[in-house]
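I set down here what I looked up in this structure, entry by entry.

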Amino acid sequence: MTARAHAPAVSLVPHTHWDREWYEPFQRFRLRLVDLLDEVLDRAEADERFRFTLDGQMAAVDDYLEVRPEHRDRVLRLVRSGQLAVGPWQILLDEFLCSGENIIRNLELGHRRATELGSPMPVGYLPDMFGHCAQMPQILSAAGLDHACVWRGVPAGVPGHAFRWQAPDGSSVRTEYLAGGYGNAAYVFSDPGHFAGRMADLGRRLAPAFGADPVLAMYGTDHSAPVGSLVKLVAGLDPADVDVTITTLADYIGERDPHDRSLPVVEGELRSHAHANILPGVLSVRPHLKQALARSERLVERYAEPFAALWSAEWPEKFLDMAWWRLIDASGHDSVTGCGVDETATQVFARISEAGHLGQAVRDRVAGGLARQVSRDAVLVLNPTPAAREDLVTVDLEVPDEWEDVAVELPDGSRLPAQTEVRGERLLLSEALPGEELPAFLPRVHGRELFGSEITHWTCDNERRVLEFGVARHGGDTPFDVEAVRTAVTGASGDWTVRITRAAHRTLTCLARVPALGWTSLRPVPGGRPVEQADARTEAVLGSGTVRAEGRTLSNGLVSVTALDDGTLRVTSADGTVLDGVGRIVDGGDRGDSYNYAPPGTDQLVETPRSLRVGTAVGGPLRASLTVERGYDWPEAVDRAADRRTATTRPGSVRLDVELRVGEPFVRLGLTLDNASLDHRVRCHVPLARPANSSHAEGQFAVVERGRTAEGGFSERPVPTFPAHGFVDAGGAGLLLTQACEYELLDDEIALTVLRGTGWLSRNIHPYRAEPAGPQLPVPAAQMTGTSTVSFAVLPHAGDWHEAGLVEAGEHFRHPLHAAPGTGPLEAPPASHDGLSVEGAVMTSLRRRDGELELRLVAASPEPATAVVRGAFRGARRVGLLGDDDSRADGADAPVVDAGTVRIPLRAWEIATVRLSE
């Protein structure tokens, strides 16, 4: 028998884990990246035995080449020679804090960028994410990747170095488990004198887990480069002791059988603490980042792209690409997580905001083009949902004062009810000026804009000494000449009055009927039939009645909500489900850091408000609201020396805005928190209607069931706080969310974290974690002092989440209709246009690609479904997740289009990408 048979075989993968921004902001880290890659390229070119894996993310390559564009050909040659492994991701993301579509676009962008250099690493490399979402195996498989590679979140039941990871739809990928982490061989090189012995020891220690496969030794860690003597040290090893091959992760995993059915199967998300810390506190720290990312993702995914795809003659590709670059960059696992320094968080927030601005710009450009087809006395309403909707929209319309009641008229002549919220001020300005100063007033006029409106007419009354401007939303067709005004007032003397009067207008909440992903126009008309006399379609929305506000109670026939004496709410559904005590606020101490919550040894929970004011319910018949204001004395901070909260307090307040709309089976809640305290966690509690031992939470293309505990075993306390992105549901209490949130299922309540303040990035000594998660640096802005807001809705129900229609309710809640004032001529005919409708599946994306519409769907159901798509198209075909024609649609037959309708059979939880051609 040869020496090689006795010696452990080790595949050594030199690499770096490059946190693009973290305990230093992006540009400071980039300077170090440039130095590192300069060195790596020199070594690779000097010795063809050298290999390097560049962290699976193209961002590191792009950031380098922006500084060193002259080195692109060097990078390209090394990628194509196999010495440098790059991609397939654009950035190493956090899988729970961004949308599912963001994950796909990340992979799409990284794969494309890596392909431009040669070939992406054919491995879904996920080395440092804080857990992994349930649908990641399907995403990777549908993108043509047979392998994943992970560290955190792997359950205790995985005995070796690989397992088969299965998504909810049944698709799976072979998954390499990084035993000991992505730097399990980094220590081996710390002292060249001990290198040989440590390498042999590593091989022998890990060999049992690898069986007949070579041991995977990951040589690299955060922001590190391999030692200059790497190749020489390995060449000097005695193969009788340890047989080491320098390789890339792509080559090592590429030699494994992706279809090995002997591997243990792990289903769904990976959030176990058994083998590594998953640092769950990142779900709740700096919640404004999570809120901003979700808002900007919706603007781009559900408004800008679909509206431009269907209603714009020009596809604004560059603007949308810029938005996606920023959204993807912000999804980094040290970015939106908020676990970096304050400078990093500031930069991330700015990047997210820019993405939102780009989405707004595209949406408004499309709406502006359509508004030119709508009369200027009407309003354009766009529907972001692929189903026809009757829903509320709040608009400002010019309505004569003499109209006591107002309705809105649709293009087909039908009328829908409207509710007056505010009658706008008519007199905008009455200012006394000496006559000789009147010309100096005119620079306030810009074109014909004055005080945010347009000048419709003006008069100069020399006898009464009054200069008056009439303004309105639209100035009309009569030209306005400011020089004529200047001529009229030149030479004026004495005391004058300048008066600006706006046309009568009102803020109206209207019921609008809008086609699927389409648009319509609404025009105000006088009077209108009582709401109770609405047509059959409108009655479906009105349910069993309008919204009524009486005392402390709101009701709409589907659900009622009453403010109780303690400031909490009783929410009752039409089926008799009661949630008693919604909105209870519980404040507790937190002596942890940005990665992990931990209460002080002696905690003090504050539940009883110092002051309480419950407002009277107002509004109706389409929407009504009430407000509950509570003041608290929250301890000032945590006294770390005493391991308890301080005796001194600071005032805090929580305003709860409660809103009920016609036709909605849920109650909308808005929390506004004013916080001056440090080191604490505030949670909003929602009671269950019936006992529950598990919760269901909607995340990235899936709804995941979780118990009330988390699997532990490593060095952090396995607190059972979990992420939810779309909704969380347990015991008949459904919470519809607008952002990624942290929740915990308690004995008889769901606790939703609405604020968590901490002053440290990481702490070396942490009650719930045995080892630091990063450097101990102060992050004072993470204390979240000041004002913050959280919005969600509560839906009480019988049955489970699927029977209660929580997916559909969430779609409705998060994606309001979009309105824009008409700017067309008064004679423009009323119009309404259909877009694209989808039944039986959830739309996550609609865009233009290669001259076609590309539609992405997911069967958000535990049962197989058939998606029915209707629109103005003649052809349809399934494509791969990344848009290629080499689809992995399980060999599905080509969809057949019949009169603008296509039916697409889907497995439960299957993600499908479809191209539609005209």
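This is a predicted model: local features need pLDDT of at least 70, side-chain atom pairs count only at pLDDT 80 or more; totals for chains, interfaces and linings use all residues.

**Entry 1, second largest pocket.** I looked up which elements line the second largest pocket: helix H10 (287–311), strand E12 (389–398), strand E30 (623–635), strand E33 (649–661), strand E34 (667–675), strand E43 (786–796) and helix H16 (806–814) each supply at least two residues. Helices (H or I, at least four residues) and strands (E, at least two) are DSSP runs numbered from the N terminus. H10 gives the largest share of this lining, 5 residues. I noted 30 lining residues, with Arg668, Thr738, Ser791, Phe813 and Pro816 nearest the centre. The lining divides into 10 nonpolar, 10 polar and 10 charged residues; Ala, Val, Leu, Ile, Met, Phe, Trp, Tyr, Cys and Pro count as nonpolar, Asp, Glu, Lys and Arg as charged, and the others, Gly among them, as polar. The space in this pocket is about 690 Å³, a volume being the space filled by probe spheres set on grid points joined across faces, edges and corners.

On a 1 Å grid over the protein atoms alone, a pocket is an open set with protein on both sides within 12 Å along at least five of seven lines, a cavity is a set of points where a 1.4 Å probe fits but cannot get out, and lining residues have an atom within 4 Å of a point.

Residues are numbered from 1 along each chain as its sequence is written, and side-chain values use heavy atoms, with hydrogens and water left out.

I found 5 cavities of 30 Å³ or more. The largest cavity holds about 90 Å³ of space. Its lining has 15 residues, and Phe96, Gly699, Gln700, Val704 and Arg706 lie nearest the centre. Strands E36 (695–698), E37 (703–706) and E38 (722–724) each supply at least two of the lining residues. This lining comprises 8 nonpolar, 4 polar and 3 charged residues.

I looked up H7 (residues 195–210), which has 16 residues. Its buried residues (under 20% relative accessible area, 1.4 Å probe, protein chains only) include Phe195, Leu202 and Phe210. Just after H7, glycine 211 takes a positive phi of about 60°.

Histidine 818 lies in strand E44 (residues 818–821) and is buried, with a relative accessible area of 13%. Beyond its neighbours within four places in sequence, histidine 818 is in contact (heavy atoms within 4.5 Å) with residues including Tyr303, Arg363 and Leu382.

Key:
The expected span of a helix is 1.5 Å times one less than its number of residues. Buried means under 20% relative accessible area, exposed over 50%, partly exposed in between (1.4 Å probe, protein chains only).
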